[in-house]
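The sequence and structure are shown first.

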Amino acid sequence: MTLAPKLAQALFRRPLAEPVPPAPDSVVQALAERLEAAARRRLGRSLAIRQVNAGSCNGCELEIRALSDPFHDLERFGLRFVASPRHADVLLVTGPLSRNMREALERAWACTPDPKWIVAAGDCAADGGVFRGSYAVEDGITHALPVDLIIPGCPPTPAQLLEGLLALLEAQAGPAPPRHR
Amino acid sequence: MSAADRFPNGAAAECRPWPRHLLDPARWAALAADDSLTLLSLWAEPGLVHAAFLAEGGLLLASCPAPEGRYPALSPARPGAPLFERMIHDLWGLSAEGGVDPRPWLDHGRWGLVAPLSGRPVQTMLPPPQPEFLPAEGEGLHQMPLGPVHGGVTEPAHFRFHLQGEAVLRLEARLGYAHRGIIGLMLGKSPRSAARFAARIAGDSTVAHAWAFAMAAEAAAELVPPPRALVLRAVMAELERIHNHLRSWGAICEAAGLAWPHARCAVLREGVLRACAAAFGHRLMMDRVVPGGVSGDIAPGGAAAILSALEAVAVEIPELAGLCETHAGLRNRITGIGIVTAELAARLGAGGPIGRASGRGFDARRLPGQAPYDELDPVVPVLPEGDVGARLRIRISELRESIRLVPALLARLPEGELRLSLPQRAGEGIGMVEGFRGECLHWMALDDGGLIRAVFPRDPSWLQYPLLEAAMQGGSAADFPLCEASFGCAVSGVDL
């Protein structure tokens, strides 16, 4: 029977998930100001994330997908990817915002229920990155939607992405509001 | 038949390493009917259309003038040509006379410009038109739209299904959502400064595209890159193949409903990416390949990190690969689904694991003179079945072969320079590099100042999307995620 050694291995092996560096205080501070007390109560310490690709080269997607692997294990922080913007608290947007994707992104944002945030992941999403100035792009997500947090990098590493998303969580767990019990 | 026999009186332009033949419209149209040639790419510059065919012994390049914006279409005889012809119309404003599909492709009517690369782009204020899809007829038909915002973390594409119950009568992909205007950004820049766009055509094939781009630039400027740079490029290209094949392997198992191999492949892949970061300073090795050589050396201890990560992969492969043969549930899902016939794969010239799983064994690494692979004799697996399982097994075989190649390359890493500067001169060149999806084909023409006058980077996905559509025909809509995972095409590579 080959199952027994596997079970034993699974029982005694330490998990692969790694500790993550804490998010920088300045970022948390800035985000906390944007999160109203009501929003904090309603969401607790969990965020549902909908990723929207607005014309990226797919490098950012590779690293975002790596967040779900056993090393980074996003769900242990209460962060999870959902299949529809209607189920999301956060839109995680990559790419320089190609003109061909603008309407689709705006529609996804419109059907995301309040309270909601928008995170621009990667240098392209921040200001167009290397594609800045092309006839086919809008030079960053800020040209269409109110961005709450920018995670730089080309592409941002999973650690940088986690740091940014945890900053959103930290801001929610901040000191001011009376927590819902 | 050699090119000289084919075009006895034709004028040839100095493109390296293969000359480009200037044809009149009649000879151009005759090429379309030549069964000994496989169409690999079709592109344009203002007033001129170019095609690259795979012929015996290498590439055959041909050009045809397009006076008054028209040229004879290749699409009636070439199933790979329609997407290119639609793209040429959208970007350069040249129409394929007698083409099978005049609908726009990359242009969704949102750029504020018509034919942005034509030299005289026209501004437009028209509202974007409604997309048109090919019709399907039958009783009880319905349509299912999917995308461009998908359920998973993926690229933006729209898929339109015509369904009869569960069965797919027709699937059509509509791309262009990720069009960033890469060719427009490259024009007028030096190859060195345009290389960052080539590295971002498709982030997962950044090394292969950057290498093919560099190869075209070096051929155009007649520069031979230093041997150390060539071996480092090949090390990076094989690492890219390894981490992407691990990702595809996991994705196929996940789409088939088996989570455990997906998690294991993700762990192994992360180990490889960290070794890449330790050796080359970037997890995906972006911007490491530049025209003239490589931008930096392998870090001290980098080779050891790579070898130990690959050792970890090699140890787990037998057990994971055994699942394809022993796990009844997985076997059931991957067998006989999403079949691409050998005949269709050959007609479309599909490259990479998709072509090789359907009996087409082309691999750019085996082209004559493809340093440094010419000394290594890479083994190219080929299977006849053409289903999801065959595409998975091809990837596993290629993964094993790449794990053999990387230590062999590192062992023969020569000392010497990393980068030479590109001479500033006119020239024209073409470069072909085998990425994990298939061959990346870059063509480039430089002006007298060494700046890019015309360029076209062709991703292998151009010839693979029509096969995905064909593979889904008659299948079940619920098999689409599995079939798509086994293809693994790049939206960004086609969208440019």
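## Fold, interface and helix packing

Chain A comprises 7 helices and 5 strands. The model is predicted. Along the sequence of chain A, these elements follow the order α-α-α-β-α-β-β-α-β-α-β-α. Chain A has 181 residues, of which 46% count as buried. Among contacts in chain A with a separation of 6 or more, 83% come from residues 24 or more positions apart.

The interface between the two chains brings 37 residues of chain B into contact with 36 residues of chain A. On the chain B side, the elements that give two or more residues are helix H4 (182-186), helix H5 (191-198) and helix H8 (259-280). Of these, H8(B) gives the most, with 4 residues.

A helix pair within chain B can also be described. Helix H13 (residues 388-411) and helix H15 (residues 480-487) of chain B pack with their axes 9 Å apart, at an angle of about 30°. Angles under 35 degrees count as roughly parallel, and H13(B) and H15(B) are therefore roughly parallel to each other. Their crossing is left-handed. In this contact, B:Val388, B:Arg391 and B:Leu392 of H13(B) meet B:Leu482, B:Cys483 and B:Ser486 of H15(B).

The table gives the residue classes for both contact regions.

| Contact of H13(B) with H15(B) | 4 residues | 1 residue | 1 residue |

Notes
Residues are numbered from 1 along each chain as its sequence is written. Chains are lettered from A and ligands numbered from 1 in the order in which they are written. This is a predicted model: local features need pLDDT of at least 70, side-chain atom pairs count only at pLDDT 80 or more; totals for chains, interfaces and linings use all residues. A residue is buried if 20 or more other C-beta atoms lie within 10 Å of its own, exposed if 12 or fewer, and partly exposed in between; C-beta atoms are placed from the backbone. Two residues are in contact if their C-beta atoms, placed from the backbone, lie within 7 Å. Axes are lines fitted to C-alpha atoms, for helices over the stretch in contact, and angles run from 0 to 180 degrees between N-to-C directions. Angles under 35 degrees count as roughly parallel, over 145 as roughly antiparallel, 65 to 115 as roughly perpendicular and the rest as oblique. A crossing is left-handed if the near helix is turned anticlockwise from the far one by less than a right angle, and right-handed if clockwise. Ala, Val, Leu, Ile, Met, Phe, Trp, Tyr, Cys and Pro count as nonpolar, Asp, Glu, Lys and Arg as charged, and the others, Gly among them, as polar.
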